[in-house]
Amino acid sequence: MSPLVLYFIALAIFLYLCFLNLRTSHRLPPGPKPWPLVGNLPHLGPKPHHSMAALAQKYGPLMHLRMGLVDVVVAASASVAAQFLKAHDANFSSRPPNSGAKYEEVAALTRALARASPTEAVNLGQLLNVCTTNTIGRVMLGRKVVGDGSGGRDQKAVDFQSMVRELMVLSGVFNISDFVPALEWLDLQGVAAKMKKLHRRFDAFLTEIVEDHKINGFNGAEMHNMLSTLISLKEEGDSDGLKPTDTEIKALLLNMFTAGTDTSASTVEWAIAELIRHPRVLAKVQQELDSVIGRERLVTESDLAQLTYLQAIVKETFRLHPATPLSLPRIAANSCEINGYHIPKNSTLLVNIWAIARDPTIWADPLKFKPERFWPEEKMQVLT
Ligand code: HEM
């Protein structure tokens, strides 16, 4: 190697160290020592919310990680999360860039489950996904999107569910290119290529929905849904003359369907799994339903205020099985100070909901499924 090249390498290392020194002259929150270039990515493992919870045991509930070239701060206690999301909410209200009708549907689901043979297994996850997708479909489009909820195999529903699942998996991958932009062109984990392919599948699905809606969606009652409103806006503009493009409309639909389907379906699936594992809890909620609703009609939204034990079961399911264990990342619009530590501008914020909801200093028996912890005292005496 020529002396000139050696000189430039030494200069680059010197400048890099000066840069690091400059950054650390502010007191960053504690955290594990980052490796060169990749930073703390090797510390994450297959379940980042688990590894981050273990690291927080050592470094505390406000931790700094470096993912490639990106600063990441992790909030792993309720009080630290409140500092970011309440005291400094305006500063953390944006997301970092990365690569990437109600009762009818529930009644259809209930009928499908009631019809199922007692000796055969049903694919509850699949049925719940049909239910949540069609519920959002009714609000957004004024109609179902997939299947009829009868439990028969519907290829469109299967495809849609697999697309949403794949999107969640790909969005959850700690993509090295997001943290070391210089390596983006290599697409080391193939995330960008898979996202592009998935995007084409989603686009075909949504284009069909939007085009079909333009032809069939504008008769009478059908007008009262979000897509019709967006298509009218596209043609006439809002009060400021702003007109959403087809791409923006499809992006909004995608956002609602992806954010709302698998999250809701997997939460209900976990709740049912916990009820099967805890027959005492199941019997107690059945008793509450029998006494508040009876056996002649279905539950409606206005009954929920009286179904306090059911509410406690939902809260306990959210606690133990959060559908988004690290929430969704946010980005610091400006640098700020939290708990005496410097949080650099453009840091990514991750809130470890999974760890907070199992924090043994806050929850008694944190790993046990005990809806009673969310149940008002006075009710406890009536039903226990
Ligand atoms: C069990 C059900 C659900 C869970 C656990 C859940 C959880 C979350 C979480 C943790 C966030 C991030 C909040 C933050 O940044 O602090 C979020 C954002 C969001 N959720 Fe949900 N959600 C659920 C259902 C739904 C439903 C039914 C819809 C819509 C139909 C929906 C639409 C959204 C949207 C649009 C965002 C913002 C996305 C963005 O900023 O990119 N979610 N949700």
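How many bridges join β1 to β2, and do the strands run parallel or antiparallel? The two strands are joined by 6 bridges and run antiparallel. The model is predicted, and its secondary structure comes to 14 helices and 6 strands. Of the 384 residues in the protein, 26% are buried.

**Helix α2**

- Helix α2 spans residues 48–59 and has 12 residues.
- From its first C-alpha to its last, α2 reaches 16 Å, close to the 16 Å expected at 1.5 Å a residue.
- The buried residues in α2 are Pro48, His49, Met52, Leu55 and Ala56.
- Viewed down the axis of α2, the buried residues fall within an arc of 120°, so they line one face of the helix.
- Ala54, Gln57 and Lys58, on the other side of α2, are exposed.
- The cover over the buried residues of α2 includes β1 (62–67), β2 (70–75) and α13 (353–356).
- Just after α2, Gly60 has a positive phi of about 100°.

**Ser51**

- Ser51 is found in helix α2.
- Why does Ser51 count as partly exposed? Ser51 has 14 C-beta neighbours inside 10 Å, and a residue is buried with 20 or more and exposed with 12 or fewer, so this count falls in between.
- Apart from neighbours within four places in sequence, Ser51 is in contact with His43, Leu44 and Gly45.

- Strand β1 is mostly covered, with 6 of its 6 residues buried.
- In a regular strand, side chains alternate between the two faces of the sheet.
- On one side of β1 the buried residues are Leu62, His64 and Arg66, and on the other they are Met63, Leu65 and Met67.
- Both faces of β1 are therefore covered, as all of these residues are buried.
- Among the bridge partners in β2, Val72 is the partner of Leu65 and Val74 is the partner of Met63.
- The hairpin of β1 and β2 has 2 residues between the strands.
- In this hairpin, Gly68 takes a positive phi near 60°.

**Strand β2 and its pairing with β6**

- In β2, 5 of the 6 residues are buried, so the strand is largely enclosed by the rest of the structure.
- Besides its antiparallel pairing with β1, β2 is joined by 4 bridges to strand β6 (residues 348–351).
- Strands β2 and β6 run parallel.
- The bridge partner of Ala75 in β6 is Val351.

**The ligand shell**

- The ligand is surrounded by 14 residues.
- The closest of these residues are Ala259, Gly260, Thr263, Ala323 and Leu328.
- Helix α10 (residues 246–277) supplies the largest share of the shell, 7 residues.
- By type, the shell divides into 5 nonpolar, 7 polar and 2 charged residues.

Technical notes:
Residues numbered from 1 in each chain as written. Predicted model: local features only at pLDDT ≥ 70, side-chain atom pairs only at ≥ 80, totals over all residues. Contact = placed C-beta atoms within 7 Å. Expected span 1.5 Å × (residues − 1). Arc of directions from axis to C-beta. Near = placed C-beta within 6 Å. Nonpolar A, V, L, I, M, F, W, Y, C, P; charged D, E, K, R; others polar. Pairing = 2+ DSSP bridges.
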